Amino acid sequence: QVQLVESGGGLVQAGGSLSLSCAASGRSFSSYPMGWFRQAPGKEREFVAAMSWKGGTTYYADFVKGRFTISRDNAKNTVYLQMNILKPEDTAIYFCAALSRALTFGGLSPSSPSSYSIWGQGTQVTVSS
């Protein structure tokens, strides 16, 4: 069974850091661009960051630039999201996702949830003020 499993969420004070992981199982995602999204209560799922399959190209939402870093270890079939200088407004469930096509983004938008076909179950991040 193909699945993505996020971990590393938790409760942290504002200004703190968390490191999220997304481990893939069932098949290799090393040739797929990957993304991170988040969803706060009552809000739509929003784009956080994305990375090409080799890791050479990254995309970030404006509100996380300079604070969050996406990375991947294809040998471990794992994608990471390092989150620094966390703010209360970063509180959300964070999801990782695999693009619906391998290698390149092609005509798919890295920031659109509809570009991704496999999703993890999410991990809760709560930032207290």
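**Entry 1: the pairing around β8**

I began with strand β3 (residues 18–25) and strand β8 (residues 78–83), which pair in the antiparallel sense over six bridges; I count two strands as paired if DSSP finds at least two bridges between them, and I take strands as DSSP runs (E, at least two residues) and helices likewise (H or I, at least four residues), numbered from the N terminus. Within this pairing I looked up Cys22, which stands opposite Val79 in β8. I then turned to β7 (residues 68–73), which also pairs with β8 in the antiparallel sense, over six bridges, and there I found Tyr80 of β8 as the bridge partner of Ser71.

I note that this is a predicted model, in which local features need pLDDT of at least 70 and side-chain atom pairs count only at pLDDT 80 or more, while totals for chains, interfaces and linings use all residues. Residues are numbered from 1 along each chain as its sequence is written, and side-chain values use heavy atoms, with hydrogens and water left out.

**Entry 2: positive phi on either side of β8**

Which residue of the β7 and β8 hairpin takes a positive phi? I found Asn77, with a phi near 55°, in the hairpin that has four residues between its strands; Asn77 is not a glycine. With a relative accessible area of 16%, Asn77 is buried (buried means under 20% relative accessible area, exposed over 50%, and partly exposed in between, with a 1.4 Å probe and protein chains only).

In the loop between β8 and β9 (92–99) I looked up Ile85, which has a positive phi of about 50° and is likewise not a glycine. Ile85 counts as partly exposed, at 48% relative accessibility.

**Entry 3: the chain as a whole**

I recorded zero helices and eleven strands for the chain. The radius of gyration is 14 Å, close to the 14 Å that the globule rule gives for 129 residues, so the chain is as compact as a globular protein of that length; this radius is taken over C-alpha atoms, and the rule is 2.2 Å times the number of residues to the power 0.38. Along its principal axes the C-alpha trace spans about 40 × 25 × 25 Å.

Buried residues make up 42% of the 129 residues. Taking contact as heavy atoms within 4.5 Å, I noted that, among contacts between residues at least 6 apart in sequence, 59% join residues at least 24 apart.
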